[in-house]
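Please consider the sequence and the structure shown below. This briefing sets out selected features, grouped by topic.

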Amino acid sequence: MDRSFNERVAYIYGETGREKTAVFPPEEFSFRILVNGDTLVTLLCTPQKLDFLAAGHLYNDGYIDSADEITAIDVDTGKKEIRVTAPGLSGIEPRKRIYTSGFGGGVISDDEMPVKNSAPSGTLSRETIIRLMEEMKGSGLLYKRSGGIHSSALCTNEGVVFHAEDIGRHNTMDKICGEYLLSKRRDRPDIMMTTGRMSSEMVIKAVKMGIFAVASLTTPTLRAVDSARRCGLTLIGYVGEKSVTVYSAFENVVL
């Protein structure tokens with residue numbers, strides 16, 4: 001992508017005056033997801049991995065159970081449309097609103113989470129958590145260029161398998177979920193790294209994806225902590241250079 005396309009001029013104000021500089025703010029576009037020709041939702045997002053975003057959004061919102069239900073995904077950047085063909089889906093009610101980059105993808109109360117949605121078991125060391133977080137941070141090309149971008153990565157204990165960036169932290173989870181689904185990969189990476197604050201909706205997405213541990217650079221919300229404890233998800237925050245904070249399923253993290 002041509003860096004000059006979104007180059008802007010800014011001034012750095014310091015103790016000795018101001019200095020002109022070039023900046024590259026992250027891109028934000030509204031894309032409509034159409035299912036069988038009908039508009040489902042409009043998302044504000046960063047225009048990378050849009051096919052994965054649509055597939056992950058459909059899965060995490062409960063419209064599909066596998067990638068086999070999707071026969072085609074066509075991204076039209078000119079019309080700002082992601083057109084999904086899924087013959088088994090019909091009569092979908094369109095959502096008459098735009099999901100902002102920070103929107104949680106639907107409000108789901110903890111009590112509505114089915115009992116079958118419980119996190120699998122697993123073991124993770126403090127050193128592995130820190131190493132995976134550093135690997136994810138090193139993969140953030142958009143962040144290095146402009147900042148203001150969230151990253152998420154789906155990992156095994158050995159390393160990052162899928163990585164996505166977006167202005168919306170929920171979008172990053174949908175993108176890597178969609179990439180995993182469409183890859184038809186048989187083994188499931190079950191650790192997620194993310195830069196953003198963990199909300200209860202993101203916990204629910206993680207559990208639905210079959211993940212046993214989620215680690216973030218920052219904090220989870222109280223509702224996210226309570227949801228993770230109810231589901232058995234290993235929830236980790238404030239991943240630093242030497243330490244991590246574990247909020248749930250403490251026995252799954254070893255020194």
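The points that follow concern a predicted model. They cover salt bridges, a helix, a pocket, cysteines and a sheet.

**Salt bridges**

- Side chains of opposite charge can pair when their charged atoms come close.
- The count of salt bridges in this model comes to ten.
- One of them joins the side chains of Lys49 and Glu179, with a distance of 3.0 Å from N to O. Lys49 belongs to the loop between strand E4 (38–45) and helix H1 (50–60), whereas Glu179 belongs to helix H4 (residues 169–183), so this pair ties together parts that are 130 residues apart in sequence.
- The cut-off for a buried residue is under 20% relative accessible area.
- A salt bridge also links Asp166 with Lys175, where the closest N and O atoms are 2.7 Å apart. Both Asp166 and Lys175 are buried.
- Asp74 and Arg83 form a further salt bridge through their side chains, at 2.8 Å from N to O. Asp74 is partly exposed at 37% relative accessibility, and Arg83 is partly exposed at 28%.
- Through salt bridges that share partners, Arg32, Asp74, Asp76, Glu81 and Arg83 are joined into one network.

**Helix H1**

- How many of the eleven residues of H1 are buried? Ten of them are, and H1 is therefore described as mostly covered, given that buried means under 20% relative accessible area.
- The buried residues of H1 include Leu50, Phe52, Leu53 and Leu58. Ala54, Ala55, Gly56, His57, Tyr59 and Asn60 are buried as well.
- Just after H1 comes Gly62, which takes a positive phi of about 85°.

**The second largest pocket**

- The second largest pocket holds about 160 Å³ of space.
- Which residues line the second largest pocket? The lining consists of Tyr59, Asp65, Ser66, Ala67, Asp68, Tyr180, Leu181, Lys184, Arg185 and Arg188.

**Cysteines**

- A disulfide is a covalent bond between the sulfur atoms of two cysteines.
- The count of disulfides in this model comes to zero.
- Is Cys177 buried or exposed? Cys177 is buried, with a relative accessible area of 2%.
- Cys231 is likewise buried, at a relative accessible area of 8%.

**A sheet of six strands**

- Six strands make up an open sheet with mixed pairing, in the order E10-E9-E11-E12-E13-E14.
- The edges of this sheet are strand E10 (160–166) and strand E14 (245–246), each of which pairs on one side only.
- Within the sheet, strand E12 (residues 213–216) and strand E13 (residues 234–237) run parallel and are joined by three bridges.
- Ala215 stands opposite Ile236 of E13.

Conventions. Residues numbered from 1 in each chain as written. Predicted model: local features only at pLDDT ≥ 70, side-chain atom pairs only at ≥ 80, totals over all residues. Heavy atoms only, no water. Salt bridge = Lys/Arg side-chain N within 4 Å of Asp/Glu carboxyl O. Helix = DSSP H or I, 4+ residues; strand = E, 2+ residues; numbered from the N terminus. Buried < 20%, exposed > 50% of the residue type's maximum accessible area, 1.4 Å probe, protein only. 1 Å grid on protein atoms, 1.4 Å probe; cavity = no way out; pocket = protein on both sides within 12 Å on 5 of 7 lines; lining within 4 Å. Points joined across faces, edges and corners; volume = space filled by probe spheres on them. Disulfide = S-S within 2.5 Å. Pairing = 2+ DSSP bridges.
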